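Me: Hi, could you walk me through this protein model in plain words? I'd like to begin with whatever I need to know to read it.

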Amino acid sequence: MTLKLCPFVYWAQNESIITLKVDLKEVKSPKISLKSNEITFSGYGLGAQGLHEYNFNLNFYCDIDTDGSSYKVVDSKVDFIIKKAEKNWWPRLISQPQKPHWLKIDFDRWRSEDDLDLDDDDKEAMARDITKDYPDMYDKLHKQEYGYRKEQGKKVYLILYNMLQFVGYLYILLVMGVRYSRDGPESMRGTYETVGNAFKFCQLLQYLEVMHPLFGYTKGGVLMPFIQVSGRAFILFAMIDYEERMQTKPVVFYLFFIWALIEIVRYPYYLTQLVNINFSILTWLRYTIWIPLYPLGIMCESIIVLRNIPYFEETKRFTIEMPNSYNFTFHMPTFMKIYLLVLILPGMYFMMNHMSKTRSNKLGPKKWKKSC
């Protein structure tokens, strides 16, 4: 499969003209198609990726006058002068709101005719200082270009983050599966020793999901992600990592399997949403798989807490007794009992109710608004 290469294209406008500069050198006999609302370009030349065949297609924001438009091929670029069908300022060049990364704003041409073959009236129009004629337009374009780059940076970061988490949880599942197929139930004893560090790494990374809404990277609240991530962290670090006797129990294997199974569906779903691809089966799994797995996960977490109570009674780990300089006491086994009651009753209801509403909003029947 041949990868389509697009050259950098720079654009500017006035009320009647659009100019395009294709950053491609040594182009010979390019193939160009200009329609009332579209331009298609194909040419072999020297661009950002070297000597290759470059192509691009743009659907204009409004109609253009094809008869009054022209282009010129020079050694270092291909210049287009495109007449608008009606004189007015376009809020953007293309019809779709998402701008491709190779389309740039040609800020220099907003105040210079740049040796184009324009009529005298058009040269005067292109040479006008946009900051004087349209005081808000120039700043708006700068902000638009910066905002697009910032948005692209967010998207790249989120793709890398979700890909890393998917690979991490997939690795955990594969290792657990291979060990179980080889050693059977005996492999459960060594689950934490084998994949515990990988699980702790992925779990710590999930705290980034709490901060994403704060930074504007994702939509949604902060409280629910914080409760979910912190609940898992408490079980993983306080209940399992600090108690070696719990690490060899089969319930740890089952809990890790449930957690990882949820995540290898969730992160691919987020990835497909970031690249605007919709797989109905993946969407259905994302908002359905929790129905059996969440109760099973909460049951495994409850078993771990319950079985740890006598261990923490014995070791007094995390327990603070009087007297001390802070005049404060804390009994960890009592806290675990309270946590267990909160986790099983209101915690489980709160979580399941939230997920049920989310599923209903995503997979439920669409509500159509009556047109006026």
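Reply: Helices (H or I, at least four residues) and strands (E, at least two) are DSSP runs, numbered from the N terminus. The model is predicted, so local features need pLDDT of at least 70 and side-chain atom pairs pLDDT 80 or more, while totals for chains, interfaces and linings use all residues. Residues are numbered from 1 along each chain as its sequence is written, and side-chain values use heavy atoms, without hydrogens and water.

Me: Thanks! How much helix is there in residues 330–352?

Reply: That span is 91% helix and 0% strand. Its end C-alpha atoms lie 31 Å apart.

Me: And what about residues 251–269, helix or strand?

Reply: Those are 100% helix and 0% strand, with 28 Å between the end C-alpha atoms.

Me: What does UniProt list for these stretches?

Reply: Its unreviewed entry lists both under "transmembrane region", along with 156–178, 221–239 and 289–309. UniProt positions follow the numbering used here, feature names are shortened, and annotations may be inferred rather than shown by experiment.

Me: Switching to strands: which ones form the open sheet?

Reply: Three of them do, in the order β3-β4-β5, with antiparallel pairing. Two strands count as paired if DSSP finds at least two bridges between them.

Me: Why is one side of β3 left without a neighbour in the sheet?

Reply: β3 (31–35) stands at an edge and has a single partner strand, so one of its sides has no neighbour there, and β5 (50–59) is in that position too.

Me: How many bridges join β4 to β5?

Reply: Ten, with β4 covering residues 38–47. One of the bridge pairs is G47 with G50 in β5.

Me: Where else do strands pair?

Reply: β6 (residues 64–73) and β7 (residues 78–84) are antiparallel partners over six bridges. Among the contacts, S70 has I81 in β7 as its bridge partner. A hairpin of four residues connects β6 to β7.

Me: Now L103: is it buried or exposed?

Reply: L103 is buried, at 1% relative accessibility. Buried means under 20% relative accessible area, exposed over 50%, and partly exposed in between (1.4 Å probe, protein chains only). L103 belongs to strand β8 (residues 103–105). L103 and F56 are 47 residues apart in sequence, yet their C-alpha atoms are 9.8 Å apart in space.

Me: Last one: where does I277 lie?

Reply: I277 is in the loop between α8 (250–274) and α9. With a relative accessible area of 40%, I277 is partly exposed.
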